[in-house]
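Have the sequence and the coordinates open.

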Amino acid sequence: MSNKKKQNDEQTKDTNMTLDDAARVKVLSPARLVFKRFIRNKLAIFGICILLLLFVFCFVGPLFYPYSETDMFFGWREQNGDYAYAQLRTEFVSYWNPDCDSDFKKSLSSVERNVNSTIKKMVASEDPDEALRYRIQSKDGVYYDLVKLSDEAYALTDSSLVCVADFVGSSKQGVATFREGYADLGSDFSAAAAVAIRNDGVFEFDGKSYSIVKDTKGGKLDYDIYCEEENTSEPYYYFVSTVLSPAFYGEEAYYKYDKDSGFKYNAYLALYTDVEAYTYDGVTYTTAFEDGTPKIRKDGTDYAFFSDFVASRKGGETALDIEFRLKLEEVIVDMHENASGVGTEVSFTMLSPKVENGKEVLDENGDKVLADTEYTVKREQNDYSIWRIDSTYVIRIYESPSAEHLLGTDANGMDVLARVMYGGRISLLVGFVVVFIEMFIGIIMGGIAGYFGGWVDNVIMRMVDVFYCIPSMPILIITGALFDELNMNYITRLIWMMAILGLLGWAGVARLVRGQILSLREQEFMVAAEASGLSTRRRIFSHLVPNVMPQLIVQATMGLGGVIITESTLSFLGLGVKHPLATWGNMMNNITQKVEYLSAYAYIWVPIGCLICLAVIAFNFVGDGLRDAFDPKMKR
């Protein structure tokens with residue numbers, strides 16, 4: 001009986017609960033009702049779970065991941081790499097006498113520049129004297145002779161035609177002034193020179209032939225009179241031009257003299273002027289021809305030989321092995337004789353030092369380990385490229401996923417997973433900051449317009465209309481191009497981009513706030529707030545705006561996804577956040593440069609695309625859930 005009485009008392013107590021009971025107020029709390037309605041929405045809860053996972057992935061994950069977004073990875077890779085370049089030289093290259101200073105070389109620059117065309121004229125000349133010695137005038141008006149030393153070498157020397165006098169005056173009357181070292185031949189010589197100027201510029205006087213050249217330097221018209229003189233002194237050579245190139249027998253010689261123009265000048269001059277021995281840099285060298293091949297010897301041993309075949313290692317920093325060079329020359333000469341076209345490839349194999357991870361492999365005695373190595377020679381336009389499978393220290397770009405790099409590496413050799421994590425930080429940060437700016441400006445402008453109405457409302461709403469009419473995407477594209485032109489720092493660029501996105505997006509929030517406040521400002525609680533003497537600012541931001549907050553929360557969550565899409569689009573177009581900062585958008589941009597990348601590197605863009613979709617869908621699910629929770633009538 002006592003238990004039954006107790007149950008009846010409890011039922012009576014529940015029946016007699018008044019409206020102001022704390023328990024009843026707690027049950028009817030709007031916040032609690034909204035929360036209960038929200039958690040009943042399975043899609044909203046799913047969206048919350050996705051967002052939590054994204055935040056853990058982007059903000060907590062990098063704390064435990066061993067790589068940062070800017071770490072670049074390098075390594076040795078076995079790949080087909082350029083090994084050397086070669087050419088059968090047909091153009092003559094000039095090597096200057098070390099005694100010539102730079103000013104003198106400059107005065108003869110046009111002569112050196114045109115030496116190949118001059119040699120072609122000599123070869124084609126039917127005059128046997130001109131084929132051996134060709135007269136050239138420098139830009140200073142001085143004559144020189146290009147002399148043939150052999151089919152492979154020519155040299156520039158002083159001309160036998162020398163300037164003996166200057167003729168000043170008209171072609172009818174003038175005076176010839178002889179230069180120092182030449183006797184004045186008097187007025188008869190001047191008269192003969194004047195007659196020659198009117199005719200063909202050549203005359204004879206006192207048994208010698210003279211020629212006249214017009215000289216207009218200094219703005220004054222006069223003439224130079226030249227005479228042929230026999231030069232009995234030893235010829236002085238200013239430079240030697242040749243198609244030959246030295247190949248050194250030892251690496252030490254290569255490093256010492258390969259780029260030494262003075263050594264080459266003395267070697268060529270000695271070879272082709274029949275000098276058996278000469279001294280350069282304190283060392284005596286001897287010349288020799290073996291089977292038509294010119295050679296230089298030092299201390300009785302071969303030091304270098306010369307041929308029209310030029311070969312060098314990639315970068316030109318390392319000497320080619322002499323046996324390899326000879327074999328390569330044999331292959332290329334054969335290709336040349338067979339008239340191999342551009343793009344023709346020929347392979348050959350020979351023993352070469354074995355290389356692993358960029359280092360030559362040594363045996364237990366410290367000697368190089370040799371292995372059969374295949375080389376491929378390809379003809380380009382006028383030269384040949386040689387490559388082989390080699391260990392090359394390279395940036396590890398576009399590596400497939402592995403235990404070391406779970407999502408592989410990108411075009412810059414950076415870990416993709418690390419950049420996805422850090423990129424998510426930037427993308428989410430942009431979303432929240434832009435939405436905050438939109439809300440901040442929109443609440444202030446919409447609150448003032450809705451509360452005051454009248455002309456204030458008209459002015460602010462016309463501003464809203466203007467911002468609605470602004471074409472956002474063209475403005476953002478123009479702004480991105482301007483940032484590129486200014487070479488703006490990537491951090492500054494990010495800040496400006498968030499500010500501009502926020503300024504372009506506040507109009508919709510302002511219109512929402514204005515509409516809600518227009519319906520709330522005449523409510524009884526606002527009349528009470530005004531009667532109690534509260535300031536306008538407190539009435540707007542302490543009473544009206546909080547009542548609009550549920551709609552603002554929905555607006556914010558729905559807008560976050562859109563901002564992330566906008567940022568990703570701008571970065572995808574190359575107008576948003578720049579390297580080295582990572583965002584999901586600019587990572588997608590790097591992959592879509594070429595169509596073939598989409599299939600080859602799907603392991604990079606597919607996870608990024610999925611994360612963008614998940615983030616946007618999650619924010620939309622949460623926004624829909626909040627909308628339904630705040631206004632359950634929307635579901636009916």
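Q: What makes a residue exposed or buried in this predicted model?
A: Exposed means over 50% relative accessible area, and buried means under 20%. By that rule, Ser-187 and Asp-188 are exposed, and they sit on the face of α9 turned away from its buried side.

Q: Which residues of α9 are buried?
A: Phe-189, Ser-190, Ala-193, Ala-194, Ala-196 and Ile-197.

Q: Why are the buried residues of α9 said to line one face of the helix?
A: Look down the axis of α9: the buried residues fall within an arc of 160 degrees, so they line one face. An α-helix has 3.6 residues a turn, so residues three or four places apart point the same way.

Q: How do you know that the span of helix α9 agrees with its number of residues?
A: Helix α9 covers residues 187-198, which is 12 residues.

Q: Why is Cys-227 called buried?
A: The relative accessible area of Cys-227 is 2%. The cut-off is under 20%, so the label is buried.

Q: Why is Cys-49 called partly exposed?
A: Cys-49 has a relative accessible area of 39%. That value lies between 20% and 50%, so Cys-49 is partly exposed.

Q: How many disulfides does the rule give?
A: The cut-off is 2.5 Å between cysteine sulfur atoms. The count comes to 0.

Q: What share of the chain is buried?
A: Buried residues make up 42% of the 636 residues.

Technical notes: Residues are numbered from 1 along each chain as its sequence is written. This is a predicted model: local features need pLDDT of at least 70, side-chain atom pairs count only at pLDDT 80 or more; totals for chains, interfaces and linings use all residues. Side-chain values use heavy atoms; hydrogens and water are left out. Buried means under 20% relative accessible area, exposed over 50%, partly exposed in between (1.4 Å probe, protein chains only). Helices (H or I, at least four residues) and strands (E, at least two) are DSSP runs, numbered from the N terminus. The expected span of a helix is 1.5 Å times one less than its number of residues. The arc is that of the directions from the helix axis to the C-beta atoms.
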